[in-house]
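This report is for a reader who is meeting the structure for the first time. Please look over the sequence and the 3D view before reading on.

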Amino acid sequence: VTGVQTCALPILAFVYLLHPYLGHVALLGALVLFSLAIWNERRTRWLLAKAGEHQLKATDFTEVSARNSEAINAMGMLDNLQQRWLGDQRAALSFQAIASDRAGTLVSAAKFVRFTLQVAILGTGAWLAIQDIISPGAMIAASIVMSRALAAVESSISSWQGLQGAKRAYAQIGRASCRERV
């Protein structure tokens, strides 16, 4: 998010220099898109955490089973253990699929918002140009500049999940290394 702020804020300031109304439209758009990113993270956080738990459980189970593979084969328990492992894998995939569907919906909503904002800034710019407050060139410039700024904010929505996933994976590595020490 910090990279988006450093990239988008000067661009939004430039839109304000063209005219405050245009700047308000661009700022409102950036805030709506950023809100969508936060909402996306909150809607998928629990699901991805549950998916990670099931994946970790399946991985731990596989490691324990591999250490005891001779005994497992000798007792004929392989099929039952495979079904147990598959259950955890299916649960992890199920949670991931639900989270992915929700994230996809919000990414689509963000694209819709961005296109709507393009129309809004062109409409605002056209109104200002008709009133002879700004030139038509300033209207086009505001549209182009705002689309560049909001593209950065919108891309943060897509990459937000990756960042959150990396944070969770790092935390899991820390927990796994603590278990191995004990």
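Two residues are said to be in contact, or to touch, when heavy atoms of theirs lie within 4.5 Å. With that cut-off, and leaving out residues up to four places away in sequence, A92 touches A51, H54 and Q55.

**Model and confidence**

The model described here is predicted. Mean pLDDT over the chain is 80, and 88% of the residues reach 70 or more. Among the elements, helix α1 (residues 2-18) has the lowest mean pLDDT, 69, while α4 has the highest, 86. Over residues 1-6 the pLDDT stays under 50, and the model has seven contacts for this stretch beyond four places in sequence.

**Overall layout**

The chain contains five helices and zero strands, giving the pattern α-α-α-α-α when read along the sequence. Of its 182 residues, 34% are buried. Contacts between residues 24 or more positions apart account for 81% of the contacts in the chain with a separation of 6 or more.

**The pair α2 and α4**

Two packed helices are described by the angle between their axes and the distance between the axes. For α2 and α4, the axes come within 9 Å and cross at roughly 175°. Angles over 145 degrees count as roughly antiparallel, and α2 and α4 are therefore roughly antiparallel to each other. The residues of this contact divide into 30 nonpolar, 11 polar and six charged.

Several residues of α4 can be followed one by one. A92 lies in this helix. Is A92 buried or exposed? A residue counts as buried under 20% relative accessible area, so A92, at 0%, is buried.

Which residues does D88 contact, leaving aside its neighbours within four places in sequence? They are H54, K57 and A58.

A97 is another residue found in α4. With 39% relative accessibility, A97 counts as partly exposed. A97 and A51 are 46 residues apart in sequence, and their C-alpha atoms are 9.4 Å apart in space.

In soluble globular proteins, nonpolar side chains tend to be buried together. The largest nonpolar core of this chain has 23 residues, of which V15, L22, L33 and I121 touch the most other members. Helices α1, α2 (20-67), α4 and α5 each supply at least two residues of the core. The largest share, eight residues, comes from α5.

Apart from neighbours within four places in sequence, L22 is in contact with V15, I121, T124, G125, L128, I134 and A142. Among these contacts, V15 and I121 are also listed with L22 as core residues that touch the most other members.

S147 is found in helix α5. At 18% relative accessibility, S147 counts as buried. Not counting residues up to four places away in sequence, S147 touches R114 and Q118. S147 and G29 are 118 residues apart in sequence, yet their C-alpha atoms are 10.0 Å apart in space.

D132 is found in the loop between α4 (78-130) and α5 (136-181). Although D132 is not a glycine, it has a positive phi of about 60°. Is D132 buried or exposed? Exposed means over 50% relative accessible area, and D132, at 68%, therefore counts as exposed.

The accessibility of the residues discussed above is collected here.

| Residue | Relative accessibility | Class |
|---|---|---|
| A92 | 0% | buried |
| S147 | 18% | buried |
| A97 | 39% | partly exposed |
| D132 | 68% | exposed |

Definitions and conventions:
Residues are numbered from 1 along each chain as its sequence is written. Side-chain values use heavy atoms; hydrogens and water are left out. Helices (H or I, at least four residues) and strands (E, at least two) are DSSP runs, numbered from the N terminus. Buried means under 20% relative accessible area, exposed over 50%, partly exposed in between (1.4 Å probe, protein chains only). pLDDT is the predictor's confidence in each residue, from 0 to 100. A nonpolar core is a set of buried Ala, Val, Leu, Ile, Met, Phe, Trp, Tyr and Cys residues joined through side-chain atoms within 4.5 Å. Axes are lines fitted to C-alpha atoms, for helices over the stretch in contact, and angles run from 0 to 180 degrees between N-to-C directions. Angles under 35 degrees count as roughly parallel, over 145 as roughly antiparallel, 65 to 115 as roughly perpendicular and the rest as oblique. Ala, Val, Leu, Ile, Met, Phe, Trp, Tyr, Cys and Pro count as nonpolar, Asp, Glu, Lys and Arg as charged, and the others, Gly among them, as polar.
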